[in-house]
Each structure stands twice: as structure tokens, then as C-alpha cells.
Amino acid sequence: MPDRVDRVEGETFDLASYQHEFNRRFERMTDSISWKFERQQTFRQPSSPSWTAFSVGDWAEAVRLLEANRPRLTKMFDGLSARGSALHRVRIVEKPISPYLHWELHSLRIRAQCGEHIRVAPPDSFRHLEESHPLPEIITIGVDGFFEILYDSDGILTGGMWVADRDAVTNWVDHIRSLYDSGEPLLDYFDREIKHLPPPTGQQ
């Protein structure tokens with residue numbers, strides 16, 4: 001694992017431009033792995049009907065909506081695989097598990113069953129990299145570059161910053177791959193730690 005992961009500047013996109021630019025780059029990726037690193041323990045996703053249901057305490061509807069997304073996810077990951085590519089995600093999990101993360105782990109379980117490669121890692125695996133600031137949320141697009149995913153103070157997605165510096169890309173890929181290699185498969189973690197928990201009561 002790298003001794004440090006420096007923050008670097010890139011091209012910043014607002015939300016609509018980020019979503020367009022991400023989709024454009026991700027959908028043309030071939031023969032590559034996209035690496036995603038998720039650090040923060042709580043977000044807000046008002047654009048997600050399932051999150052909205054969860055946030056007001058309707059857990060049954062939140063889960064139903066997650067399940068209804070299976071066909072779309074299966075098609076997406078099948079298409080990615082047909083292009084010789086894959087998405088590998090490392091999800092950092094701190095305890096006690098936040099209500100948001102409880103909901104997200106249910107979402108990630110379905111994504112893993114549909115073809116995404118997801119592993120769980122504890123924060124102790126990279127504490128030495130957070131001496132000056134928390135690590136950001138990152139997703140790489142092949143070897144071309146990565147997006148630092150940007151959020152406001154409430155954890156709502158606001159856009160992304162594209163970084164094409166090759167040294168920074170290599171450093172992040174090495175970091176995320178190291179965590180992935182030492183992490184626990186999401187489905188195993190879910191069955192042991194999440195499956196039997198009572199439903200969360202919402203997110204204010």
C-alpha cells in the first residue's frame with residue numbers, strides 16, 4: 001500500500017456535467033478495471049426513491065425498490081463484462097454501523113449479486129493515510145484518470161473533479177487494490193454482520 005495518497009487538483013464539474021462526463025467515460029471503458037473507494041459513513045441520496053423511503057422509515061418499500069433495480073443492474077454489469085471490464089469497489093465500514101450504511105449495504109448486496117466486485121475493509125487498514133485529512137471518495141476509469149466525487153456538508157452529491165495525472169492515478173489504483181486484496185467479500189460480510197440486524201428506523 002502507498003505510504004501516502006496526495007490530493008491533486010483537476011477539472012471540476014457540477015452535478016449534471018459530472019454525471020454526463022462520468023457516464024461518457026465509463027460506458028466506453030474496455031478491457032479495464034474501474035476501482036471505487038468509499039470512505040464516508042453517511043450520505044444523503046434524495047434522487048434515490050429507495051433512499052427516500054428508507055429516510056422516512058418505510059424499510060419494506062426501500063428494500064422493494066432496491067430489488068426492483070436488479071434487471072437494470074444485471075444488464076449494466078453484463079455489458080461491462082462483455083467489454084472485458086469490471087467494477088471493483090472497496091467499502092469502508094466503521095462500527096457502530098450508521099443507519100445510512102445499513103441501507104447502503106443492502107443496496108451493495110444486490111449490486112454484488114448482479115456482478116459488481118465488492119469487498120469490505122475496516123478504517124484501521126489505512127489510518128496512517130488520514131493524518132492531515134479524511135480520504136476522499138474516488139472512482140478510477142481504467143488507466144485514464146479518476147474522479148474525486150464531491151459532496152456538500154450534508155453528504156449530498158454535488159459533482160466531481162477529474163484528475164488525469166498518471167502518478168496520482170497509479171497511486172490511487174495501488175491503494176484501492178491493496179485494500180481490496182485484503183478485504184472481505186461483501187456477501188460474506190453481509191451474511192455475518194448485517195443480515196440479522198433489525199431494520200434501521202430512518203435517516204434525519
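Asp-31 sits in the loop that runs between α1 (15–27) and β2 (33–38). Keep in mind that everything here comes from a predicted model. Most residues other than glycine have a negative phi, and most peptide bonds are trans. Is Asp-31 exposed or buried? Asp-31 has a relative accessibility of 66%, and because the cut-off for exposed is over 50%, Asp-31 counts as exposed.

Lys-95 and Pro-96 are joined by a cis peptide bond, with omega at about 0 degrees. You'll find Pro-96 in the loop between β3 and α5.

Now back to helix α1, which is where Phe-22 has its place. With a relative accessibility of 16%, Phe-22 counts as buried, because buried means under 20%. Phe-22 and Phe-147 are 125 residues apart along the chain, yet 8.1 Å is what separates their C-alpha atoms.

Next, the way some helices pack. Take helix α3 (residues 59–68) and helix α5 (residues 99–114): their axes come within 10 Å and cross at roughly 25 degrees. That angle is under 35 degrees, so α3 is roughly parallel to α5. The α3 and α5 crossing is right-handed.

Helix α5 also packs with α7, this time at an angle of about 140 degrees and with the two axes 9 Å apart. How does α5 lie relative to α7? An angle has to be over 145 to count as roughly antiparallel, so α5 is oblique to α7. The crossing of α5 and α7 is left-handed.

A few residues around these helices are worth a look too. Asn-69 is in the loop between α3 and α4 (70–82), and with a relative accessible area of 25% it is partly exposed. Asp-188 belongs to helix α7 (residues 186–194); its relative accessible area is 45%, which makes Asp-188 partly exposed as well. Ser-85, in the loop between α4 and β3 (86–92), is buried, with a relative accessible area of 8%.

Here's how some pairs of residues are placed, going by their C-alpha atoms:

| Pair | Apart along the chain | C-alpha separation |
|---|---|---|
| Phe-22 and Phe-147 | 125 residues | 8.1 Å |
| Asn-69 and Arg-111 | 42 residues | 9.2 Å |
| Asp-188 and Val-120 | 68 residues | 9.4 Å |
| Ser-85 and Leu-129 | 44 residues | 29 Å |

Arg-111 from that table turns up again in the pocket. How much space lies in the largest pocket? About 1,400 Å³. Its lining is made up of 43 residues, and the closest to the pocket's centre are Lys-36, Gln-45, Arg-72, Arg-89 and Arg-111. Sorted by class, the lining has 22 nonpolar residues, ten polar ones and eleven charged ones.

To find your way around the model, you could start at the exposed Asp-31, go on to the cis bond between Lys-95 and Pro-96, and then follow α5, which crosses α3 at roughly 25 degrees and packs against α7 at about 140 degrees.

How values were computed: Residues numbered from 1 in each chain as written. Predicted model: local features only at pLDDT ≥ 70, side-chain atom pairs only at ≥ 80, totals over all residues. Heavy atoms only, no water. 1 Å grid on protein atoms, 1.4 Å probe; cavity = no way out; pocket = protein on both sides within 12 Å on 5 of 7 lines; lining within 4 Å. Points joined across faces, edges and corners; volume = space filled by probe spheres on them. Nonpolar A, V, L, I, M, F, W, Y, C, P; charged D, E, K, R; others polar. Helix = DSSP H or I, 4+ residues; strand = E, 2+ residues; numbered from the N terminus. Buried < 20%, exposed > 50% of the residue type's maximum accessible area, 1.4 Å probe, protein only. Axes fitted to C-alpha atoms, helices over the stretch in contact; angles between N-to-C directions. Parallel < 35°, antiparallel > 145°, perpendicular 65-115°, else oblique. Left-handed = near helix turned anticlockwise from the far one by under 90°.
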